Amino acid sequence: MFPTRRVWEGRHRTPEERTDGIMYRKEVNERSPLRILERSIHGGLGAGNLGVVMSRAGVGKTAFLVQVGLDDLMRQKQVLHVSIGQSVEHVQAWYYALFDDLARITSLENRDAVRADVGRRSVIQAFGADTRLDADKLEKVIELYAKHASFEPTAILIDGWAWEGDDDGRTQEMQAIKGIAKRLGAELWLSAQTHRSVTDSAPAGIPAPCSAFEKLIDVAVFLEPHHGAHVAVRILKDHDNIEIPETHLELDPDTMRLVEDDLDRRTPVALPPSQYTLLSGAAKGAEAEFGACAEKWGLEEVNFSFAGRATARTRGLVELNEAELKQGEVSPTYVEAQLHRSFPKTAQFQKMLQTIWHQVATAGEVFVVGLILPDDTVNGGTGWAAELGRHFKKPVHVFDQEKKGWFTWKDGTWQSEDRPRISRTRFTGTGTRFLSEEGRTAIHDLFSDTFGPSQ
């Protein structure tokens with residue numbers, strides 16, 4: 001028996017609810033970024049074809065696939081979402097959260113009725129992280145639901161496919177899975193995490209680990225983060241078309257909705273903690289405390305460092321090479337001019353500043369624990385994180401250990417704020433090595449206020 005659960009349990013709708021549901025689907029259809037993407041790739045993916053969404057870790061591949069699934073469900077299609085390495089509840093939380101986000105955008109009145117409607121046409125199938133999905137496993141899942149639930153998907157989404165391994169063997173498996181999709185007349189979407197050697201900018205062609213399967217891929221999409229403020233959708237392959245179109249799609253990094261639809265959002269989308277990623281540096285003090293809380297609450301953690309640097313944590317440690325460090329290179333004179341003080345001219349310190357660029361560049365917001373100086377800069381080398389956050393126009397929050405309170409940069413000045421909450425799925429957590437008890441409590445409260453009691 002395969003462990004599985006339907007996304008939502010539904011009930012029969014009244015004629016009025018059916019009418020509202022149809023009207024709602026039309027409105028969602030007009031506002032969906034998938035319509036723009038389909039026009040860009042000459043009508044869409046197409047039945048029996050394979051689409052791949054690629055990016056580095058934590059940029060939004062799961063959210064993209066869920067938006068594809070929701071879009072199909074709103075158009076009365078049946079969707080099978082296969083997740084490898086995430087539980088049914090985990091994926092279910094994504095569907096709940098992004099459905100509620102859609103309902104908010106469209107001011108949906110009969111939300112429960114529409115939710116039940118789409119729920120009857122969706123199935124989530126979860127496998128363990130060590131599972132290598134093959135055509136036989138997928139076929140058994142499809143046969144099970146065809147027999148017992150009269151369910152035959154017109155869209156198959158696979159999140160967590162194992163691209164690594166024997167190319168010939170994986171090619172045969174992918175051919176077989178495409179064959180299943182073709183037999184069903186279903187579109188097939190897979191996610192793929194690109195290697196660290198691929199920058200956040202869209203590559204010119206299909207990168208590893210998908211490059212070995214380019215002939216089988218009909219449409220390839222790359223999610224390109226822009227300083228945490230939005231994600232640009234780049235097309236790397238459009239069927240057999242030589243000229244690759246530009247989508248001009250800018251999506252919210254948390255919801256994969258059009259950016260303009262999310263400008264008025266006041267509260268974060270209610271995703272599980274495991275969908276959040278802390279970007280930090282694993283140094284002792286504030287960074288180590290941010291990392292400990294991320295682990296305690298079940299968040300992903302990425303700590304940027306470099307060879308020869310001592311760290312207080314090893315979880316999620318990413319040792320940047322010289323080329324990667326160079327991406328965050330900035331003139332020492334510029335740093336001193338911005339922060340109004342001198343810093344060591346050593347290579348070690350310059351590399352530390354370069355790692356901070358990686359912490360902030362793709363984050364949606366920045367949290368710093370330290371001291372705000374009279375000139376509005378933040379004390380210490382990690383003050384560079386606050387300065388970069390302001391430069392990139394990200395929300396920046398600083399806990400001042402002397403004033404014992406939180407401040408946020410707004411309208412050109414630091415303004416006192418109530419205890420903040422984490423509102424973006426990729427966020428920076430950094431600060432002083434000399435962490436006070438008040439600073440430690442502030443970090444703990446930030447996680448507790450956002451995610452509730454730790455597990």
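**Close-up views of a predicted model**

**View 1. Glutamate 301 and its arginine partners.** The side chain of glutamate 301 forms a polar contact with the side chain of arginine 315 at 2.7 Å, where a polar contact is a pair of N or O atoms within 3.5 Å and, within protein, one atom must be able to donate a hydrogen and the other to accept it, residues adjacent in sequence counting only if both atoms are side-chain atoms. A polar contact also links the side chain of glutamate 301 to that of arginine 313, again at 2.7 Å. This is a predicted model, in which local features need pLDDT of at least 70 and side-chain atom pairs count only at pLDDT 80 or more, whereas totals for chains, interfaces and linings use all residues. Residues are numbered from 1 along each chain as its sequence is written, and side-chain values use heavy atoms, with hydrogens and water left out. Glutamate 301 belongs to strand E11 (residues 300–306); helices (H or I, at least four residues) and strands (E, at least two) are DSSP runs, numbered from the N terminus. With a relative accessibility of 5%, glutamate 301 counts as buried, a term for under 20% relative accessible area, with exposed meaning over 50% and partly exposed the range in between (1.4 Å probe, protein chains only). Contact denotes heavy atoms within 4.5 Å. Leaving aside neighbours within four places in sequence, the residues in contact with glutamate 301 include Leu278, Gly291, Ala294 and Glu295.

**View 2. Strand E6 and its parallel partners.** Six of the seven residues of strand E6 (residues 187–193) are buried, so the strand is largely enclosed by the rest of the structure. Two strands pair if DSSP finds at least two bridges between them. Strand E2 (residues 50–55) pairs with E6 in the parallel sense over six bridges, and strand E5 (residues 155–159) pairs with E6 in the parallel sense over four bridges. Leucine 188 of E6 is the bridge partner of leucine 50 and also of isoleucine 156.

**View 3. The loop between E6 and E7.** Aspartate 218 is located in the loop between E6 and E7, and its relative accessible area of 15% makes it buried. The side chain of aspartate 218 reaches the backbone nitrogen of leucine 50 at 2.7 Å. Not counting residues up to four places away in sequence, aspartate 218 touches Leu45, Asn49, Leu50, Lys178, Lys237, Asp238 and His239. Proline 209 lies in the loop between E6 and strand E7 (219–226). The peptide bond joining alanine 208 and proline 209 is cis, with omega of about 10 degrees.

**View 4. Nonpolar cores.** The largest nonpolar core has 61 residues, and those with the most contacts inside it are Phe64, Tyr95, Trp189, Leu223 and Phe447. Helix H4 (residues 88–105) supplies the largest share of this core, nine residues. Apart from this core lies another, of 36 residues, among them Met54, Tyr145, Leu188 and Phe213. A nonpolar core is a set of buried Ala, Val, Leu, Ile, Met, Phe, Trp, Tyr and Cys residues joined through side-chain atoms within 4.5 Å. Leaving aside neighbours within four places in sequence, phenylalanine 64 is in contact with Leu37, Val53, Trp189, Val221, Leu223 and Met256.

View 5. Alanine 282, although not a glycine, has a positive phi of about 65 degrees. Alanine 282 sits in the loop between strand E10 (277–280) and helix H8 (286–297) and is buried, with a relative accessible area of 0%. Lysine 404, likewise not a glycine, has a positive phi of about 60 degrees. Lysine 404 is found in the loop between strand E14 (396–400) and strand E15 (405–410), and a relative accessible area of 52% makes it exposed.

**View 6. Helix H12 and the residues that follow.** Helix H12 (residues 383–391) is mostly covered, eight of its nine residues being buried. The buried residues are Gly383, Trp384, Ala385, Ala386, Glu387, Leu388, Gly389 and Arg390.

**View 7. Threonine 247 and isoleucine 41.** Threonine 247 occupies the loop between strand E8 (230–238) and strand E9 (249–251). At 5% relative accessibility, threonine 247 counts as buried. Threonine 247 and isoleucine 41 are 206 residues apart in sequence, yet their C-alpha atoms are 8.7 Å apart in space.
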